[in-house]
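Let us take a friendly walk through a structure together. Keep the sequence and the 3D view at hand as you read.

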Amino acid sequence: MANTLKIKVNGRVHQVAASPNTPLLYVLRNELRLNGPRFGCGLAQCGSCSVLHDGKEIRACITPVAAVGKGAVTTLEGLPALWKAKSRTTAKTDDLHPVQQAWIEEQVPQCGYCQNGMMIKATELLNKVKRPTEDQIKSHMNTHLCRCGTYPRITKAIKRAATTMAKGA
Amino acid sequence: MLLSERTIDLLDDGKLDELIGGTEFPREKFLKGGGALVIGFSVVGSALAGSAKGASARTAVGPPNAALIDSWVAIHADNTATIAFGKIDITGAPTGLLMIAAEELDLTIQQVSWAPWNTDTSPNQGFTAGSNSISAGGPQVRQAAAEARAVLLGLAAKQLGIPTSKLRVRAGVVSNVDNEAQSVTYGALLGGKTFSAPNTGRAPLKPVSQYRLVGKSVKRKDTEAKVRGTHPYVHQLRLPGMLHGRVVRPRGQGPYSVADKVVAVDESSIKNIKGVKVLRRGDFIGVVSANEQDAIQAATQLKVTWSQSKTMPGNGNLWKHFRTVKTTDRFARNIGSIDGGIRSASRISEASYSISYQAHASFGPSCGVADVKSGKAEVWGASQAMYSSRASVAGLLGVPEATVLFHFAEGSGCYGRNLQDDAALAAALMSQLAGAPVRVQLTRDQEHGWDFYGPATLVDIRGAVDANGKIAAYDYVSYQQPWVFNEATDYHAGRPLSLGGFGGADIENAGSQYKITNHRVLGRSVPNDSQLPKVAYLRAPAAPQALFASEQMIDELAWAAQMDSVAFRKLNIENFRWLGVLEEAARLAGWEARVAGSAVGKGRVKKGRGIAIGGFASTFAGIVAEIAVDTVTGKIRVEHVYAAHDCGLIINPNMVGQQVEGCVVQGVSRALIEEVKFTKSRVTTLDWESYPILRYKDSPEITYTLLNRPELRSSGAGEPATAPVAAAIANAFFDATGKRIRTMPMTPARVRAVLKA
């Protein structure tokens, strides 16, 4: 069991106790106690476990922890720091990422269980496309499911976040 | 917050993070006033504003006495208040309950917070179901808050030497109306002390006209934690020494009432996985391990031979089965004379409609955590029925109810699924068997495959309309299984499964929106021991199914009378609230009067619009759907949904709006694609591929009006708007194509079949 696997999560390098084939999700939750990414299906179908890996959204439920390699993993908890690093604003470490802030302003979450993946996926989009069109948003977010039916508010929140980020970046 | 002695020990030792793995149960919720532990809502009649550290522990077993103010309201020295209620959070309603309490107490929303939920300290307000948190729970919270205010005003009057008639309250500051400087805060009056006063039920309530907070779109109190990832879902509760458990069951349920029997368990099949224990009681099998991944692996790999039943009809033969099996029949309504009405009518319409089983499909699989020790069991689950879950756990463990403490901890959206908290029961059983705390999380295939489905429904309707466009007769027959409530309890205890009551007809949505003098509604209860999947309550239980049939028939009658669908409904509606949602939905959609199906286009993609009205829990909803049908692929695209919603007095428009939007999206999903499939042996729709739900791209644009009726009591908002959605889409389909689609979900294959016929 003992191994020297190390992964970089939210700016810090962590030693991992789990075996290399353990899905990243269980390492994040059970070893690093990060509760943003959540188990939804274990099949990469729903997106509730999503994290960013070097800026790209991946499904932590099927990604073996060893596959993370030297890449930087960002979870929901790491979004504020990500924004602070990216923006030229004087955001405090604890200040929410514009995506998270927009989620509050638009009152997106109902049960909130899927929203980790939604915010991660939205962040991935806004890092690539500054002002996404409605079609771009729909198409990009289509890989993530929500059972409570928050899609319309997510679209509004992404547009709001895009505006904030355009000002702040 | 009262958790338990053990919890409190952990808190004292600063090991909160060990307990819950993060910051999720915010410390300030139970640490107030310089770190002194406020042990929440304690205990029958005693201080919740508890002052002394450690004054906590479990001195009495709940529910606390609802006839005491202290069971509902605690005032703290910092002029804030904690409100306890028994309605748990599945749709955000607790923020609404806090608004109601704050309004009555003249506090700001920032000054109030809710007490954590558990069976020692939460008032027993019954199940959180039927969209009743605000409608039934609200008045109780309002009254208790008014009682608290009355006591506080009495204390202020005494302290300030001013009669209560000369006092007013703003943000918990009681002052002399004539001299603002003469004032005292609630916190100074009672902070940390108890009311020690009865909840008389007679304290005057604030008139609605004076509301300052209720009616405003206050942000939900749980949003920020959900956005930060710190919200205390039951899934992230971690106890010291906790094992991870998984239940081992066949993939997908077989026929209800035929329990799966264990023929053989081959433990050698998992011998390569160290540290895993197989737990068994009767036909219940689980595995536990300190390592979650190992528990998952073992549950997948463990070789269990199950008895195999091949007695289900399979979903292809379901409707034939419904018609063949012996039903128990009961009239829900039987007025006038159907035959007489039909004789007097100018047109008659007759049709059958069928709606498949549908799943709650909770997004996060059910999860429960339990620590069962001798003489004391503590269980956490997302149950919508804490007190009933406590009783189930006690029965399962064979211990007195008073030794069980059940905590509600939020799960993922469940839409009725968590009236049966099987993960918590499994956790309790496995903790007892393992002698250690156990966390059980169901797998995705278990959540999909062992769900208590929304019942499949078969409806036959004969309708008739007279020469004046009035409904002359409406004869509605519905086939449905009874909903089961105790399956989870029975299964874990190894008892024969209860067969439920009567599978009745949804009287609220079977033509009752209209004034019909010759009206019959017959429920045919399909027995639960007739080799079918298990069914229970799914969001607006039975209403979408009933309306898919009943509101299509209304449209069929309008068409028979060659009338516009809105005009026909108006002519037959008496109740002003039905009329209100009908007219408002039509207005929003810019509805232009014409006979449905009279303007069928020529192209490949045909467009149409349809309307339906229906409700649930005394709330009224009107829906217009605009759709496009691709006649080649058979795909229905719902482009725009317009909704009108009347739930009486609105507590929080933003939150009602959230529910309306969610209801519409889920309603479209159920209307178009959701279908539980099963063979003769088992359910086979076990994930999001085999049981898809509506995707982002297919989500319609939604426009809605919330009709506020301050003069009418609040009714529920979590379910009603989903009820008429499928019917509106089906009516739009007829308008677009000139053909009726009478099977739900309206999948591309069914659409193609209807268009070909």
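B:Pro63 sits in the loop between helix H3 (27-30) and S1 of chain B. Helices (H or I, at least four residues) and strands (E, at least two) are DSSP runs, numbered from the N terminus. The peptide bond that leads from B:Gly62 to B:Pro63 is cis, and its omega is near 5°.

Before we go on, some housekeeping. This is a predicted model, in which local features need pLDDT of at least 70 and side-chain atom pairs count only at pLDDT 80 or more, while totals for chains, interfaces and linings use all residues. Residues are numbered from 1 along each chain as its sequence is written, and chains are lettered from A and ligands numbered from 1 in the order in which they are written.

B:Pro745 belongs to the loop between strand S25 (743-744) and helix H20 (748-756) of chain B.

In chain A, A:Asn10 has a positive phi of about 50° although it is not a glycine. You will find A:Asn10 in the loop between strand S1 (6-9) and strand S2 (12-15) of chain A. Is A:Asn10 buried or exposed? A residue is buried if 20 or more other C-beta atoms lie within 10 Å of its own, exposed if 12 or fewer, and partly exposed in between, with C-beta atoms placed from the backbone. A:Asn10 has 21 other C-beta atoms within 10 Å, so it is buried.

A:Asp54 is not a glycine either, and its phi is positive, near 50°. Its loop lies between strand S3 (50-53) and strand S4 (56-59) of chain A. A:Asp54 counts as partly exposed because it has 13 C-beta neighbours inside 10 Å.

Chain B has an open sheet of 3 strands in the order S1-S2-S3, with mixed pairing. Two strands pair if DSSP finds at least two bridges between them. Strand S1 (73-75) and strand S3 (112-114) of chain B are the edge strands, each pairing on one side only. From one strand to the next, the twist averages 25°. Strand S2 (residues 81-83) of chain B pairs with S3(B) in the parallel sense over 3 bridges, and B:Ser113 in S3(B) is the bridge partner of B:Thr82.

**Covered strands in chain B**

Strand S14 (residues 367-373) of chain B is largely enclosed by the rest of the structure, because 6 of its 7 residues are buried. Strand S7 (residues 243-248) of chain B is mostly covered too, with 6 of its 6 residues buried. In a regular strand the side chains alternate between the two faces of the sheet. On S7(B), one side carries B:Leu243, B:Gly245 and B:Val247 and the other carries B:His244, B:Arg246 and B:Val248, all of them buried.

| Strand | Partner | Bridges | Direction |
|---|---|---|---|
| S14(B) | S17 (residues 438-441) | 4 bridges | antiparallel |
| S14(B) | S15 (residues 376-381) | 6 bridges | antiparallel |
| S7(B) | S17(B) | 3 bridges | parallel |
| S7(B) | S10 (residues 284-289) | 5 bridges | antiparallel |

Which residue of S17(B) stands opposite B:Val369? That residue is B:Arg439, and B:His244 stands opposite B:Arg439 as well. Elsewhere, B:Ala370 has B:Val379 in S15(B) as its bridge partner, and B:Val248 has B:Ile285 in S10(B). The hairpin of S14(B) and S15(B) has 2 residues between the strands, and B:Gly375 takes a positive phi near 85° there.

**Where the chains meet**

Two residues are in contact if their C-beta atoms, placed from the backbone, lie within 7 Å. The contact between the chains takes 44 residues from chain A and 43 residues from chain B. Several helices of chain A each supply at least two residues of the side that touches chain B, among them helix H3 (98-105) and helix H4 (115-128). That side of chain A divides into 19 nonpolar, 19 polar and 6 charged residues. Here Ala, Val, Leu, Ile, Met, Phe, Trp, Tyr, Cys and Pro count as nonpolar, Asp, Glu, Lys and Arg as charged, and the others, Gly among them, as polar.

How values were computed
Axes are lines fitted to C-alpha atoms, for helices over the stretch in contact, and angles run from 0 to 180 degrees between N-to-C directions.
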